[in-house]
Structures are given as C-alpha cells and as structure tokens.
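Hello,

I am handing over the structure below. My notes on a pocket and a sheet follow it.

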Amino acid sequence: MLTQAPKGTRDMLPQDAYIWQTIEAVMRRRAALAGFREVRTPVFEHTELFLRGVGDTTDIVQKEMYTFKDKGDRSITLKPEGTAGAVRAFLEGKLFADALPCKMYYLNTPVFRYEKPQAGRLREHHQFGMECFGGKSPAVEAELISTLLGILGDLGLKGLSVNINSIGCPNCRPRYHAALKEYLGGHLNELCEDCRERFDRNPLRVLDCKVPTCKALVQDAPSMLDMLCEDCREHFQQLQNLLSAKGIPYEVDTHIVRGLDYYTKTVFEIMVSRGREGLALCGGGRYDGLVEQLGGPATPAAGFGIGTERIIMELENQGITLPMPPLCDVYVANLGEEARQPAFLLCQHLRELGVRAEEDVCGRSLKAQFKYADKIAARYIVLVGGDELARGVVKVRDLSTREEQEIALEDAAREIAVLL
Ligand code: HAM
C-alpha cells in the first residue's frame with residue numbers, strides 16, 4: 001500500500017522525463033508561434049466555479065469531482081478540467097480590459113476525475129490546453145485545430161482525424177432539444193439506464209453514448225445541423241471553408257456533443273483513426289457564454305484540452321520513440337581518497353562551462369566507476385589520481401574510440417569543454 005501510488009495515478013519517472021519535456025517543448029513552441037502565452041492556475045478552486053462553469057448535470061460534476069471541505073469549511077474541488085480556472089483567472093486578472101484577443105495556454109496542468117481507471121483513463125492526468133478569449137470568428141477554432149495538428153505532427157503522430165460538429169447556441173438549441181426529446185421519448189425503454197437519466201437532465205449526451213443499443217437508436221435521431229440558426233450555420237460553414245483552405249481534412253460528426261455544458265457552436269475532437277470507438281486524443285470547442293455566465297462581460301471564447309498521457313500512449317501505439325538526449329558528457333573518476341577533492345573541483349568547473357559532468361558520490365572502486373560511466377553513456381571519462389595527479393595531469397579517455405590523452409589538471413575543464 002505504502003509503495004503503491006493511488007489507483008488511476010502514474011508517476012513520471014526520471015528516465016521518462018525527457019519524453020514529457022520533448023512534448024512540452026513542442027507545445028510551447030507551437031503555442032508561442034500562434035501568440036499564446038502561458039497561464040498557471042491553482043490545482044484547486046472553489047467547487048462553485050465548476051458547478052457553474054462545467055455544468056451541474058454533467059458526469060464530471062455529478063460523479064467525478066474530487067471535492068472536500070477545507071479546514072475553513074469551504075468546499076474545494078481539485079481541477080476536473082482546465083477551462084473554468086482559465087476563465088476565472090481571465091476575470092480576476094481583469095484581462096478582458098486589455099487588448100483582445102487574450103490567448104493563453106496551460107501546460108501539463110494536473111486534472112482530477114474520479115473515473116474507472118483503464119487504458120487512457122486516469123484519475124489524475126495532465127492537460128495541455130489553449131484558450132482564446134475575445135475572438136468570435138471561426139478563424140479561432142481553425143487556428144486552434146491547426147496548432148494542435150502542428151504539435152501532433154511535430155511529434156511524428158500520424159493517422160489522426162479531426163471531427164467537428166456544431167451544437168448551436170441558446171437561440172437555436174432549445175428547438176433542437178425539443179425535437180430530440182420528442183424522438184427519444186418514443187424510444188425511452190430502449191435507452192440504457194444512464195441515457196434514461198440523461199433524457200431529463202441533458203438529452204444531447206444521449207448522442208454520445210457508447211452503448212450499442214443507444215448508438216443504433218441515435219442514428220435516426222434528428223440532426224442539430226438541420227436546426228442551426230443562420231448565425232451558427234454561417235459560422236460552421238466558414239470554419240469548414242478555413243479548414244479546407246488550409247488543407248486540413250476533417251469529418252463532420254453530428255454525434256460529438258462533448259461532456260461539458262459550456263460549449264456553443266463548434267465542438268471538435270481529434271481521434272486516432274482507429275475510429276470513434278477509441279479514446280479522443282483531444283477535445284475542445286467554442287464557449288461564447290461562459291465568461292458572462294461566470295460574472296464577466298460577454299466575451300466569445302474557444303479552446304481545447306489534450307491529455308499528455310494519451311499522447312504518450314499514442315506515440316507508443318505508433319511505435320514512435322522520441323530521441324533521448326545524452327545524460328552525461330564527462331564522468332570524472334577518482335582513484336582514491338586524495339583524488340576526491342580535485343575530482344570534485346574539476347566536475348564543478350566543467351558544469352560551470354556548460355558540460356554535463358558527473359563524479360563518484362558513492363565511494364565506488366575504479367572498476368565500478370567505469371561501469372557506471374558506461375551505464376550513463378558518458379562520452380568521456382577523466383581519471384583523477386595516482387601518478388598523474390602527482391604530475392599535475394589527468395587522463396582523458398574517449399569512451400567510444402578508447403583513445404586517451406593527458407591534459408594538465410589546471411586546463412582540464414576548458415580543454416575538455418572544447419573536445420565536446
Ligand atoms: P475533455 O475532452 O474532457 O475536455 O478533456 C480533454 C482531453 O483530456 C481529452 O481529450 C483527453 O486527452 C484528456 N483526458 C480527459 N479525461 C482523461 C482521463 N480520465 N485520463 C486521461 N486523459 C484524459 C476538457 O477538459 C475541456 N476543458 C477542453 C477545452 C478547453 N474546451 C475548451 N477549452
């Protein structure tokens with residue numbers, strides 16, 4: 001128990017850190033190219049924010065939040081997604097008063113959902129998300145999708161499909177709700193238990209159900225796209241025009257509704273092309289009403305979130321290995337007690353010159369130090385001690401060619417730095 005992480009959580013071990021860091025570097029670069037700057041918000045927020053932001057009829061709020069009372073009797077919730085916190089920061093920081101659009105991204109923010117753990121579904125996962133406030137044009141969604149595909153492409157991922165839909169706005173959605181309820185109402189006892197509940201609370205979610213009988217039933221359900229108002233129809237058409245102009249293939253999937261209540265107009269998901277059966281790599285959309293709903297000025301907005309663990313899972317599925325950076329350039333070995341201090345100083349000097357240098361801190365024999373240098377794939381090993389030390393020199397061995405040379409201890413750090 002003590003040595004087991006809580007169910008649904010995962011460590012990032014030091015040997016895997018480079019994978020996360022490579023992904024982060026790609027995300028930062030692509031986000032900066034599109035003019036997005038980083039935001040960091042707390043891991044927990046007042047529960048009320050998510051009740052009002054995410055929607056109190058959603059599965060996330062009803063079943064999945066980590067909510068507790070703090071010592072001051074406040075109801076606190078660990079972030080179950082990134083958007084509500086970003087909107088809260090946008091409002092609290094009065095960013096709406098600055099020049100808009102305000103473009104922000106969060107990088108590997110921890111997200112907590114009490115879900116049934118399975119492949120790709122964790123209780124703590126990490127999200128990269130981009131949120132753009134103040135842009136009402138469909139160019140925002142096109143920019144988000146394009147940046148996202150840029151990130152996934154830089155990482156070498158292939159076979160991704162962009163699925164888009166429009167779920168309308170407060171003007172046209174009620175009409176659709178009514179039509180959908182009328183259709184589903186005629187088939188209530190064919191729906192799964194969850195969907196019977198959804199029928200009252202949130203009928204759109206029935207469209208998204210994975211249970212085969214519900215899936216079959218919604219095939220003939222009325223489509224939101226047929227009931228969009230003029231504004232939503234035009235917006236969705238323009239988004240498709242932009243994606244086509246940029247050469248981004250996409251599919252319109254009228255069954256994407258997303259599991260959060262704040263979306264208006266566009267919703268999208270990026271799937272690996274094994275189909276809708278699989279897990280979404282990414283999800284996002286427009287949420288024009290959320291800023292106002294949380295007490296701010298009416299501000300159109302759109303964004304997406306993508307789980308880093310799912311990216312890593314897909315990299316593995318596609319057999320993509322990211323290049324591992326070298327761990328160590330130079331290993332400074334010592335030949336015994338009298339060599340420890342000069343070895344320590346040489347190692348420090350090398351690091352000051354920007355060289356990845358390591359020395360023995362375990363009191364190992366020379367043989368064991370060589371073995372360790374090999375294990376960490378050091379390029380050079382420097383021997384400090386013995387006769388050489390007495391003569392004021394060190395032996396430098398290139399571990400790939402096995403060639404050796406002597407260098408004056410005094411100049412060793414500078415000369416080794418040049419060798420690299
Ligand atoms: P979401 O679709 O709930 O959207 O989550 C976004 C992504 O987070 C998913 O596509 C998936 O990669 C990852 N993810 C979600 N749940 C889990 C889990 N249990 N385990 C591992 N990975 C998971 C949102 O959260 C929205 N806030 C996205 C957004 C931002 N919309 C607008 N702006």
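How much space lies in the second largest pocket? About 380 Å³. A pocket here is an open set of points on a 1 Å grid over the protein atoms alone, where a 1.4 Å probe fits, with protein on both sides within 12 Å along at least five of seven lines. The volume is the space filled by probe spheres set on the points, which are joined across faces, edges and corners.

This is a predicted model: local features need pLDDT of at least 70, side-chain atom pairs count only at pLDDT 80 or more, and totals for chains, interfaces and linings use all residues. Residues are numbered from 1 along each chain as its sequence is written, and side-chain values use heavy atoms, without hydrogens and water.

Helices H1 (17-33) and H11 (308-317) each give two or more residues to the lining. H11 has the largest share, four residues. Helices are DSSP runs of H or I, at least four residues; strands are runs of E, at least two; both are numbered from the N terminus.

Now the sheet. Eight strands form an open sheet with mixed pairing, in the order E1-E5-E6-E11-E10-E9-E7-E8. Strands pair if DSSP finds at least two bridges between them. E1 (37-38) and E8 (251-252) are the edge strands, each pairing on one side only. E7 (160-166) runs parallel to E8, joined by two bridges. Ile 164 has Val 252 in E8 as its bridge partner.

Best wishes

Terms used: 1 Å grid on protein atoms, 1.4 Å probe; cavity = no way out; pocket = protein on both sides within 12 Å on 5 of 7 lines; lining within 4 Å.
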